[in-house]
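Please consult it alongside the sequence and the structure shown here.

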Amino acid sequence: MSKSRNLSNRMATVLRTEKRSIVRKHFEELHQFYRELVLDETDTGLWTIRGELKLSASYNEEYIQDSFHVEILIPPDYPESVPIVWETEGRIPNGFHKYRSKALCLGPPLQVKMKFRENPTLLGFVENLLIHYLFGRCSYEKNGVVPFGEYSHERGMLDSYKEAFHLQTDIQALQMVKLIAEGKYKGHLTCPCGSGKRIRHCHGPQLIKISQFQRRSEFYEDYFTCIMEYIRGGNELPLFFRNKKLEKRLAKEYRSYLSAMNPSTMQNMGVNDHVGDKYFRKH
Ligand SMILES: [Zn+2]
Ligand SMILES: [Zn+2]
């Protein structure tokens with residue numbers, strides 16, 4: 001084995017050990033408040049927390065006491081990345097803010113990351129994000145609505161950027177995310193918000209602050225999701241946003257969308273092979 005290989009192996013071990021002690025410390029803190037949760041340590045590096053999560057919380061004079069069985073996966077790069085959580089008794093239906101993996105959708109990813117950064121511990125995660133979600137779910141079961149409002153699952157990403165920057169239109173939000181995703185921020189550009197000001201005197205400082213919350217590649221994923229939400233909403237994507245890289249990805253997404261549907265569903269929905277032309281037409 002070469003010297004550098006040895007070194008990188010040793011570094012990996014150090015990181016794992018360091019990570020373990022962080023997770024144990026954070027779990028102890030969590031366990032003081034949530035006694036029924038158990039930390040499951042495995043050698044594979046995938047650690048989980050399981051058990052019953054008792055919640056008693058109030059919001060706007062509504063008091064809720066309840067409990068859920070959950071499994072929380074601690075990602076390999078925790079606490080850089082946010083834990084992922086499942087509800088394990090099948091009480092929360094798939095139609096209510098869950099991802100395809102059945103993991104709970106605690107909110108639009110950027111919002112979740114920003115919230116987690118405020119207190120990047122297991123206790124912070126549970127109290128600021130998970131309890132918030134479960135409280136919303138309980139309230140929804142009782143009253144049919146989430147008391148503090150919710151992002152639509154169909155266009156949550158676009159709406160979350162629109163809200164984060166206090167913008168009026170989808171196009172403004174798309175332009176703002178595009179700037180971050182492509183790393184093309186220049187202070188003298190005109191701000192996409194329509195104020196007519198240079199961006200450095202308008203949304204620039206906020207854009208710079210938000211761009212620190214995740215990697216550029218992650219913003220590109222968000223940007224792509226925003227575009228998909230925009231298109232699925234029945235809008236045609238303006239030329240301004242189109243380029244080869246994007247068109248290629250849209251075409252791929254469209255093909256997998258078609259292949260996921262069986263022919264009769266497609267017919268029922270009036271979908272035919274040419275429906276995608278609208279999006280991929282060359283102008
Ligand atoms: Zn959702
Ligand atoms: Zn602005």
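## Overall organisation

Among the contacts in the chain with a separation of 6 or more, 47% join residues 24 or more positions apart. The model is a predicted one. Its chain has 283 residues, of which 19% count as buried.

The secondary structure comprises 10 helices and four strands. Along the sequence these elements follow the order α-β-β-β-β-α-α-α-α-α-α-α-α-α.

In soluble globular proteins, nonpolar side chains tend to be buried together. In this model, the largest nonpolar core has 22 residues, and the members that touch the most others are Phe-125, Val-126, Leu-129, Leu-130 and Tyr-133. At least two residues of this core are supplied by each of helix H1 (3-33), strand S2 (47-59), strand S3 (62-74) and helix H3 (122-143). H3 provides the largest share, eight residues.

Val-126 illustrates the contacts formed: when residues up to four places away in sequence are not counted, Val-126 touches Leu-30, Tyr-34 and Ile-131. Another core, of 15 residues, lies apart from the largest one and includes Leu-174, Met-176, Leu-179 and Ile-180.

## Packing of H2 and H3

Two packed helices are described by the angle between their axes and the distance between the axes. For H2 and H3, the axes come within 9 Å and cross at roughly 135°. Angles over 145 degrees would count as roughly antiparallel, and H2 and H3 are therefore oblique to each other. The crossing of H2 past H3 is right-handed.

On the H2 side the contact is made by Val-112, Lys-115, Phe-116 and Glu-118, and on the H3 side by Gly-124, Phe-125, Asn-128 and Leu-129. Sorted by class, these residues are four nonpolar, two polar and two charged. Phe-125 and Leu-129 of this contact are also among the residues that touch the most other members of the largest core.

## Packing of H5 and H7

Helix H5 (residues 170-181) packs against helix H7 (residues 216-232) at an angle of about 155°, and their axes are 8 Å apart. The two helices are therefore roughly antiparallel to each other. H5 passes H7 in a left-handed crossing.

From H5, the residues in contact are Asp-170, Ala-173, Leu-174, Val-177, Lys-178, Ile-180 and Ala-181; they meet Arg-216, Phe-219, Tyr-220, Asp-222, Tyr-223, Cys-226, Ile-227 and Tyr-230 of H7. By class, this contact contains 11 nonpolar, no polar and four charged residues.

## Two individual positions

Ser-67 lies in strand S3. Because 14 C-beta neighbours fall inside 10 Å, Ser-67 counts as partly exposed. With neighbours within four places in sequence left aside, Ser-67 is in contact with Glu-52, Leu-53, Lys-54 and Leu-55. The C-alpha atoms of Ser-67 and Cys-138 are 9.6 Å apart in space, although the two residues are 71 residues apart in sequence.

Gly-95 is situated in the loop between strand S4 (84-87) and helix H2 (109-118). Gly-95 has 7 C-beta neighbours inside 10 Å and so counts as exposed.

Technical notes:
Residues are numbered from 1 along each chain as its sequence is written. Chains are lettered from A and ligands numbered from 1 in the order in which they are written. This is a predicted model: local features need pLDDT of at least 70, side-chain atom pairs count only at pLDDT 80 or more; totals for chains, interfaces and linings use all residues. Axes are lines fitted to C-alpha atoms, for helices over the stretch in contact, and angles run from 0 to 180 degrees between N-to-C directions. Angles under 35 degrees count as roughly parallel, over 145 as roughly antiparallel, 65 to 115 as roughly perpendicular and the rest as oblique. A crossing is left-handed if the near helix is turned anticlockwise from the far one by less than a right angle, and right-handed if clockwise. Two residues are in contact if their C-beta atoms, placed from the backbone, lie within 7 Å. Ala, Val, Leu, Ile, Met, Phe, Trp, Tyr, Cys and Pro count as nonpolar, Asp, Glu, Lys and Arg as charged, and the others, Gly among them, as polar. A residue is buried if 20 or more other C-beta atoms lie within 10 Å of its own, exposed if 12 or fewer, and partly exposed in between; C-beta atoms are placed from the backbone. A nonpolar core is a set of buried Ala, Val, Leu, Ile, Met, Phe, Trp, Tyr and Cys residues joined through C-beta atoms within 7 Å.
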